[in-house]
Amino acid sequence: MALEKLASDCKDGPCPTLWRTEDGRYVVQGFKILDGDRLAQLDLPENETAVEVTAELLEGFFNAPGR
């Protein structure tokens, strides 16, 4: 499955990034959530995970002209 890089917090190296899949879904690369209280609030099933990204990453992409 090819991923299309849509937005990133940096120009080089691994950092929080928004990707689009071939079938129109989004993949978010971000920081692992290690805080137990936050994880408990999410109540994630075993087949899901959550990451944290900056507001600028998502707002910058979704508020970009032409979106």
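Me: Which residue does E4 meet in a salt bridge?
Reply: Happy to look! This is a predicted model, where local features need pLDDT of at least 70, side-chain atom pairs count only at pLDDT 80 or more, and totals for chains, interfaces and linings use all residues. Residues are numbered from 1 along each chain as its sequence is written, and side-chain values use heavy atoms, leaving out hydrogens and water. A salt bridge here is a side-chain nitrogen of Lys or Arg within 4 Å of a carboxyl oxygen of Asp or Glu. At 3.3 Å, N to O, the partner of E4 is R20.

Me: How many residues apart in sequence are the parts that E4 and R20 tie together?
Reply: Strands are DSSP runs (E, at least two residues), and helices are runs of H or I with at least four, numbered from the N terminus. E4 lies in strand β1 and R20 in strand β2, so the separation is 16 residues.

Me: What is the N to O distance between R38 and E52?
Reply: These two side chains form a salt bridge. R38 lies in helix α1 and E52 in strand β5, so the pair ties together parts 14 residues apart in sequence. Their closest N and O atoms are separated by 2.6 Å.

Me: Is C15 buried or exposed?
Reply: C15 forms a disulfide (cysteine sulfur atoms within 2.5 Å) with C10, the sulfurs being 2.0 Å apart. Buried means under 20% relative accessible area, exposed over 50%, and partly exposed in between (1.4 Å probe, protein chains only). C10 is partly exposed at 28%. With 12% relative accessibility, C15 counts as buried.
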